[in-house]
Amino acid sequence: METNLQIQKHIKTAICSSRSQQHYEWVSSDVPSDITIEIDGVSLAMHKFPLASRSGRIRKLISENRSVAGMPIFIQLHDVPGGVESFLLAAKFCYGVHFDITSANIAQLRCVSGYLEMIESYSKGNLISRCEHHFESITRNSFDLSIEVLQQCVNLLPIADELKIVSRCIGSIADHILTSLSDSELGSDSVGMQIIKTNTRSENWWIGGLSSLSIDMYQRVISALRCRGLKPESIGSSLVNYAQNELIHKPRIRKQSTHLSKPDPPTSHERAVVEIIVWLLPVERSAVPISFLFGLLRSATMLDCTASCCGELERRIGLRLDEASVDDLLMPWLHHAEDVLFDVGMVQRMLISFCRHKNKEDQAEEEMDDNLPTQSAIIKVSKLMDDYLAEIAPDPNLKLDQFLDIAQALPAHARTVHDGLYRAVDIFLKGHEGLPESDQKKLCKLINFQLLTPEAGSHAAQNEILPVRSIIQVLYYEQLRMRNALFFTSGEEISKTVVQQQQQLLQPLRFSTGNLSESMVSPCLRDNYASLRWENRELKLELARLRMRLNDLERQHLRGSKVDRSPSITLRSILKKLLPIGSAWASTPRNSETASRNTGR
């Protein structure tokens with residue numbers, strides 16, 4: 001019963017396969033075919049003897065399938081590496097047909113010969129040994145051919161990995177690159193191998209060759225080069241070139257070839273390229289330019305890459321935030337949940353990363369780490385943030401908390417001058433006219449008016465948008481600055497000037513025997529004190545102008561106040577509450593002298 005079923009099965013498969021059988025010139029038609037091999041739905045009429053004499057797998061399958069009288073044996077081969085094309089090359093070898101083994105087919109032949117078990121025990125000089133000989137010759141003598149062989153392995157996985165074809169190709173490529181570079185191109189952790197110096201080519205000659213690899217193979221080559229000590233700057237140059245080729249040049253070529261009016265939608269390939277390149281980035285700051293990191297971050301945002309990928313880029317940029325520009329930080333907000341123009345949260349995360357890294361300075365006092373930000377870097381970042389806030393401040397949808405979080409993220413000593421922060425606050429107030437007075441006070445608390453330059457202080461004193469409390473502080477510090485300048489001039493400068501003039505008067509008479517007459521010195525001193533009295537008078541006039549400005553502000557405040565119109569609350573009383581020494585800076589030098597005399601009594 002079983003024999004009849006097998007016979008019927010063989011007859012049925014033979015009839016079905018005969019309809020799609022393919023014959024080739026190199027297969028002898030004089031001898032009838034006695035075996036049919038089916039691969040991926042394609043039936044090939046072959047002969048048992050040439051195949052079984054060299055392939056161990058075919059021999060085993062023939063022995064397992066009993067032949068029916070007058071009917072060819074039917075064999076199905078599954079998961080043949082390289083498919084029908086690779087099997088036909090191996091079959092040609094079995095039939096003794098001559099063909100060239102090149103870099104274009106060596107990987108296919110080696111994989112299919114391993115699949116068919118074409119080893120030396122079945123036939124001397126079998127296909128596996130032939131492929132091994134050609135493989136060594138091709139990969140050892142040419143970098144470009146090694147790249148071609150490696151690229152052919154993409155469609156031959158996983159058997160290409162099992163046969164170690166991929167690892168040997170990568171090793172050969174790494175050898176070609178390292179043997180052509182000088183010792184300066186190798187890092188200090190390179191393995192102890194002797195490098196042959198052949199400087200006939202440029203140092204980065206190999207970068208273009210790697211750009212033709214698939215992203216998976218490229219990742220494995222870069223990892224091997226890093227393990228073997230290639231310089232981070234060289235790895236960074238290769239990453240930049242590969243990213244530009246895959247994310248800019250190839251999409252542009254595809255668009256031109258298809259004549260599309262709109263850009264292609266994001267593809268999984270481009271997303272994989274960005275994510276893999278991010279994890280291949282060297283840790284050294286100088287490995288890639290910061291503009292490249294910003295470009296990757298823009299691509300990662302547009303391609304909707306993973307949160308870990310975007311977070312890693314933000315962290316790396318944060319460590320080098322002092323190298324960024326305002327244009328780099330102005331990344332558009334791509335989500336529609338909010339109507340803000342720019343991605344403020346991204347900049348805030350970068351700033352937090354910078355501040356955290358800065359705190360490591362206190363924990364590594366004796367260690368020298370080039371990646372730690374210096375004081376000059378912190379000052380650069382503070383100026384950068386002030387300019388960035390000034391750029392995004394006009395956006396009416398920008399929230400106050402977002403503005404405050406960025407402005408308050410840096411430590412107090414980061415800003416030596418508050419002109420930039422004052423400018424950003426001023427722009428924000430003008431772009432948000434309906435802001436409550438409590439929020440206005442929060443904004444103005446960010447500014448240390450004592451650290452404004454005279455130009456910025458003069459502008460703030462006349463800025464009607466600022467709350468009255470802030471204007472009072474500005475005027476107080478302006479008057480305090482003038483008093484300090486007056487006391488400095490009347491103290492140190494006067495004494496120095498008098499001493500210098502006395503020395504000039506005494507020098508001609510230094511060698512005379514007589515004493516210096518009082519009439520020769522007193523006229524000069526009188527002129528000097530007269531000049532100082534004139535300068536003091538000018539300063540008093542300036543103080544009087546400031547008092548008039550204070551009175552005007554007091555009247556405007558009392559006139560426009562809607563909360564409390566009590567006449568007893570004057571600007572001077574407010575000033576005394578805000579500034580305990582307000583009465584001192586409001587008094588003239590003459591009054592202060594009188595008070596000191598009374599105290600002395």
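Me: Which residues of helix α19 are buried?
Reply: Helices (H or I, at least four residues) and strands (E, at least two) are DSSP runs, numbered from the N terminus. Buried means under 20% relative accessible area, exposed over 50%, and partly exposed in between, with a 1.4 Å probe and protein chains only. In α19 the buried residues are Ala377, Ile378, Val381, Ser382, Leu384, Met385, Asp386, Tyr388, Leu389, Ala390 and Ile392.

Me: Good to know! Which atoms do side-chain values use?
Reply: This is a predicted model, where local features need pLDDT of at least 70, side-chain atom pairs count only at pLDDT 80 or more, and totals for chains, interfaces and linings use all residues. Residues are numbered from 1 along each chain as its sequence is written, and, with hydrogens and water left out, side-chain values use heavy atoms.

Me: Against which helices do the buried residues of α19 pack?
Reply: Packing is judged by contact, which means heavy atoms within 4.5 Å. By that rule the buried residues of α19 pack against α16 (326–329), α17, α20 (400–409) and α21 (419–431).

Me: How far apart are the end C-alpha atoms of α19?
Reply: The expected span of a helix is 1.5 Å times one less than its number of residues. For the 18 residues of α19 (375–392), that should be 26 Å. The model agrees, because the end C-alpha atoms are apart by 26 Å.

Me: How wide an arc do the buried residues of α23 cover?
Reply: In α23 (residues 454–461), Ala456, Gly457, Ala460 and Ala461 are buried. An arc is that of the directions from the helix axis to the C-beta atoms. These residues are on the same side of α23, because their arc is only 135 degrees.

Me: Which residues in the largest nonpolar core touch the most other members?
Reply: A nonpolar core is a set of buried Ala, Val, Leu, Ile, Met, Phe, Trp, Tyr and Cys residues joined through side-chain atoms within 4.5 Å. The largest one has 145 residues, and those touching the most other members are Leu77, Leu210 and Leu321.

Me: How many residues apart in sequence are the parts tied together by arginine 285 and glutamate 323?
Reply: A salt bridge is a side-chain nitrogen of Lys or Arg within 4 Å of a carboxyl oxygen of Asp or Glu. The side chains of arginine 285 and glutamate 323 meet in one (2.6 Å, N to O). Arginine 285 lies in the loop between α13 (268–280) and α14 (290–302), and glutamate 323 in the loop between α15 (307–319) and α16, so the parts tied together are apart in sequence by 38 residues.

Me: Which residue is joined to leucine 157 by a cis peptide bond?
Reply: Most peptide bonds are trans. Here omega is about 5 degrees. The residue asked for lies in the loop between α7 (143–152) and α8 (159–162), and it is proline 158.
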